[in-house]
Amino acid sequence: GNMFVTAAKSLVAGRVAIDMLAGPSECLVIADDTASPAVVAADLLAQAEHDPSALPALVCMSDEFADRVDAELEAQLAV
């Protein structure tokens with residue numbers, strides 16, 4: 001969810017069953033050069049889409065891999 005989902009859940013908590021109040025999503029992907037840039041980008045975007053406050057991050061071993069993930073992020077966002 002996002003901040004609006006959390007706000008709505010807090011209004012009805014105690015009156016109806018809810019799963020939980022959640023905050024912004026955080027995701028840390030640690031990847032080496034054997035990882036798929038497409039999969040890494042998809043994982044980062046899957047968290048980022050939930051909320052503008054979400055904080056997906058990537059730790060990798062090379063600038064080249066980071067550049068490939070950046071290119072993949074742009075390609076996936078263009079779809």
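The buried residues of helix α3, where buried means under 20% relative accessible area with a 1.4 Å probe and protein chains only, pack against β1 (26–31), α2 (37–48) and β2 (55–60). Contact here means heavy atoms within 4.5 Å, while helices (H or I, at least four residues) and strands (E, at least two) are DSSP runs numbered from the N terminus. This is a predicted model, in which local features need pLDDT of at least 70 and side-chain atom pairs count only at pLDDT 80 or more, whereas totals for chains, interfaces and linings use all residues. Residues are numbered from 1 along each chain as its sequence is written, and side-chain values use heavy atoms, with hydrogens and water left out.

Within α3, the buried residues include Phe65, Val69 and Leu73. Because they cover an arc of only 85 degrees around the axis, they lie on the same side of α3; the arc is that of the directions from the helix axis to the C-beta atoms. The face of α3 turned away from its buried side carries Asp63, Glu64, Asp67 and Glu74, which are exposed, that is, over 50% in relative accessible area. The 15 residues of α3 (residues 63–77) should span 21 Å at 1.5 Å a residue, and the end C-alpha atoms are 21 Å apart, which agrees; the expected span is 1.5 Å times one less than the number of residues.

The largest nonpolar core has 10 residues: Cys27, Val29, Ala31, Val40, Ala41, Leu44, Leu45, Phe65, Val69 and Leu73. Such a core is a set of buried Ala, Val, Leu, Ile, Met, Phe, Trp, Tyr and Cys residues joined through side-chain atoms within 4.5 Å. At least two residues of this core come from each of β1, α2 and α3, and α2 gives the most, with 4 residues. Leaving aside neighbours within four places in sequence, Ala41 is in contact with Val69, Glu72, Leu73 and Gln76.

For the whole protein, 3 helices and 2 strands follow one another along the sequence in the pattern α-β-α-β-α. Some overall values are set out below.

| Property of the protein | Value |
|---|---|
| Radius of gyration | 16 Å |
| Box of the C-alpha atoms along the principal axes | roughly 50 × 25 × 15 Å |
| Accessible surface | about 5,500 Å² |

A compact globule of 79 residues would have a radius of gyration near 12 Å, by the rule of 2.2 Å times the number of residues to the power 0.38, with the radius taken over C-alpha atoms. Of the 79 residues, 19% count as buried.

Definitions and conventions. Areas by Shrake-Rupley, 256 points an atom, 1.4 Å probe, with all protein chains shown as cover.
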